[in-house]
Amino acid sequence: IDDCDICAGYSFIGNGNANGDEVINVLDLTIIMSHILETTTLDECGLLTSDTNGDGYVNVMDAISVVSIIISGDDVTRNSDSIPTSVDFLQTPYSLSYSADNVGLLGLDITINHTEDAEVILTQDAFISDYISDKGTTRIIMVIENGEELFTVNRHFEIIDMIIGNINGELSDITVTMLPAEMGLSSAYPNPFNPTTSVDLVVPVDGYVSVKVYNLAGQVVSTIHDGNLKANIHAFSWDASDQASGMYLIRAEMAGAIDTKKIMLLK
C-alpha cells in the first residue's frame, strides 16, 4: 500500500484491482485493456493496482496476470508446469494463427498495417480481446489459452510489431511463418523416385483442394487428396508401387488456381 495513503481503500495494490472496489473481476480487466490501448487513462491508484507484475508498466503481461487471478482465485498459475514457452505463428494472406509447446495463458500485443478499408475480426476463443485502428494501423491486445486462429482481415496485412508473453513474462522463442498469397506445389523429392515421392502444398486460405496424379495420356492414376484443407503447408506422398515406370504429373487445384509438377518413376 502506498506510503502516503493516497490510495486509501485500494487494499489490493499490485493485484489487478484497477477500479479500487476490492474485487478483482472482468471489470478490472476491461479497464486495464482500455488503458493498454490508450482509450482510457488510469489514475495513480489505478496504475499501482493494475501493475500486477511490479515492473512499473501496465501492459499485456498484467492482463495475463489478472485473467489468471480471475480463473484461479490467486496467482498460483505462475508456478504451473503448463506454461507456453515457445510459440509458432502462421500468417496467411488474411489471417494469423498460432501453436504453442504447452497449453496455458498467452498474452498478445500485435500491431499490423493494412489498407484503411480493411475489417479486422478477432477470435471468439480468447478470454478477452480488443483492438484499436487508426489510418491503416491496428493494435490488437488479447489473452488466450486455447484456439488456433487469432484474427482475420479481409485485406492483406503486415505484422509490424508483436509482444508475446506468458504468466511469467515476455517470450523470446517466437517464429512467424508467412504463407505465399498463391496456392503452389513444391518440387517432388526424391525425383526420380521408386516407389514413393513427396511434395509440399501451400494452401493460402481455407478451402477445397484437389491433388491428383496423371499419366502423360491425361488419365487420373491416383487421387492423393480431394476435400477441404486449412490454410497451411501440407505434406503429401504418393506410393507408385502399382504403376509402370515413366513420367507422371502431380496436379493441385484450388479455386481455379492450378499447379503441376513432373515426376519420374524409375523401377
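**Exercise 1.** Identify the residue of β14 that is the bridge partner of Gly 207, and describe how β13 and β14 are arranged.

*Solution.* The model is a predicted one, and the assignments below are computed from it. Step 1: Gly 207 has Leu 229 as its bridge partner in β14. Step 2: β13 and β14 run antiparallel and are joined by 8 bridges. Step 3: the two strands form a hairpin, with 4 residues between them. Step 4: within that turn, Gly 218 has a positive phi of about 85°.

**Exercise 2.** Locate the salt bridge between Lys 230 and Asp 206, and explain which parts of the chain the pair ties together.

*Solution.* Step 1: the side chains of Lys 230 and Asp 206 meet at 3.8 Å, N to O. Step 2: Lys 230 belongs to the loop between β14 (220-229) and β15 (232-239), and Asp 206 to the loop between β12 and β13 (207-215), so the pair ties together parts that are 24 residues apart in sequence. Step 3: Lys 230 has a relative accessible area of 55% and is therefore exposed, the cut-off being over 50%. Asp 206, at 44%, counts as partly exposed.

**Exercise 3.** State how many salt bridges a search of the whole structure finds, and examine the pairs Asp 117 with Arg 155 and Arg 251 with Glu 253.

*Solution.* Step 2: in the pair formed by Asp 117 and Arg 155, the closest N and O atoms are 3.2 Å apart. Step 3: Asp 117 lies in the loop between β3 (106-114) and β4 (120-122), while Arg 155 lies in the loop between β7 (149-153) and β8 (157-166); the pair therefore ties together parts that are 38 residues apart in sequence. Step 4: Asp 117 is partly exposed at 48% relative accessibility, and Arg 155 is partly exposed at 33%. Step 5: for Arg 251 and Glu 253, the closest N and O atoms are 3.3 Å apart. Arg 251 is partly exposed, with a relative accessible area of 28%, and Glu 253 is partly exposed at 32%.

**Exercise 4.** Determine whether Thr 197 is buried or exposed, and list its surroundings.

*Solution.* Step 1: Thr 197 is part of strand β12 (residues 196-203). Step 2: its relative accessibility is 1%, so Thr 197 counts as buried. Step 3: leaving aside residues up to four places away in sequence, Thr 197 touches Ala 188, Tyr 189, Pro 190, Phe 236, Ser 237, Trp 238 and Ile 263. Step 4: a polar atom of the Thr 197 side chain lies 3.4 Å from the backbone oxygen of Tyr 189.

**Exercise 5.** Describe the ends, the buried residues and the surface contribution of helix α1.

*Solution.* Step 2: the buried residues of α1 (residues 26-36) are Asp 28, Leu 29, Ile 32, Met 33, Ser 34, His 35 and Ile 36. Step 3: their cover includes α2 (44-50), α3 (60-72), β5 (128-134) and β6 (137-144). Step 4: Leu 27, also found in α1, is partly exposed, with a relative accessible area of 49%. Together with Val 26 and Ile 70, Leu 27 forms a nonpolar surface patch of about 250 Å² of accessible area. Step 5: just after α1, Glu 38 takes a positive phi of about 65°.

Note on methods
Residues numbered from 1 in each chain as written. Predicted model: local features only at pLDDT ≥ 70, side-chain atom pairs only at ≥ 80, totals over all residues. Heavy atoms only, no water. Buried < 20%, exposed > 50% of the residue type's maximum accessible area, 1.4 Å probe, protein only. Contact = heavy atoms within 4.5 Å. Polar contact = N/O pair within 3.5 Å; in protein donor to acceptor, adjacent residues only side chain to side chain. Patch = residues over 30% accessible without salt bridge, like charges linked within 9 Å, V, L, I, M, F, W, Y side chains within 5 Å. Areas by Shrake-Rupley, 256 points an atom, 1.4 Å probe, with all protein chains shown as cover. Salt bridge = Lys/Arg side-chain N within 4 Å of Asp/Glu carboxyl O. Pairing = 2+ DSSP bridges.
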